[in-house]
Amino acid sequence: MKRYTTTTNSENLKIVKEEIKKIQNLLNKYDPSGAYSAGMIEDEYSAEAEKIYQKITRIEGKDKRIENILTEVFTNSFGDDYDKSSLPTLAQEILAVSRL
């Protein structure tokens, strides 16, 4: 007989927070707006990480669409004042480290 396990809301919340933190760490690493390297606080990209997570969890065919999500979120947050050149690599790294 196959056993099915379910996760509790607190377990789900913990997983979501871990996934958002992974994305935030990558945003800190790539620092698209330059704010993190300029000495801003560690959670500089927390709002963007949450928005990216929420959008990624709602899509199919995530490979190419993550880059589009990054563009949308960063443009809304920073206008055109962010490093667009790292978006393809950042998108691939988000896909690689997440359970999404």
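Reply: Start with K55, which is partly exposed at 27% relative accessibility. Here buried means under 20% relative accessible area, exposed means over 50%, and partly exposed is in between (1.4 Å probe, protein chains only). The side chain of K55 meets that of E72 in a salt bridge, 2.8 Å from N to O. K55 belongs to helix α2 (residues 46–56) and E72 to helix α3 (residues 62–78), so this pair ties together parts 17 residues apart in sequence. E72 is also partly exposed, at 38% relative accessibility.

A word on terms and on the model. A salt bridge is counted when a side-chain nitrogen of Lys or Arg lies within 4 Å of a carboxyl oxygen of Asp or Glu. Helices (H or I, at least four residues) and strands (E, at least two) are DSSP runs, numbered from the N terminus. The model is predicted: local features need pLDDT of at least 70, side-chain atom pairs count only at pLDDT 80 or more, and totals for chains, interfaces and linings use all residues. Residues are numbered from 1 along each chain as its sequence is written, and side-chain values use heavy atoms, leaving out hydrogens and water.

The salt-bridge count is 3. Another pair is K29 with E93, whose closest N and O atoms are 3.2 Å apart. K29 lies in helix α1 and E93 in helix α4 (residues 87–97), so the bridge ties together parts 64 residues apart in sequence. K29 is exposed, with a relative accessible area of 56%. E93 is partly exposed, at 21% relative accessibility.

The remaining pair is K22 with E19, bridged at 3.1 Å from N to O. Both sit in helix α1 (residues 9–30), 3 residues apart, which means about one helical turn separates them. K22 is partly exposed at 27% relative accessibility. E19 is buried, with a relative accessible area of 1%.

Now the setting. The chain has 4 helices and 0 strands, in the order α-α-α-α along the sequence. Of its 100 residues, 33% count as buried. Take contacts (heavy atoms within 4.5 Å). Among those between residues at least 6 apart in sequence, 55% join residues at least 24 apart. The accessible surface of the chain is about 6,500 Å², with 50% of it belonging to carbon and sulfur atoms. Those areas come from the Shrake-Rupley method with a 1.4 Å probe; for residues, only the protein chains shown count as cover.
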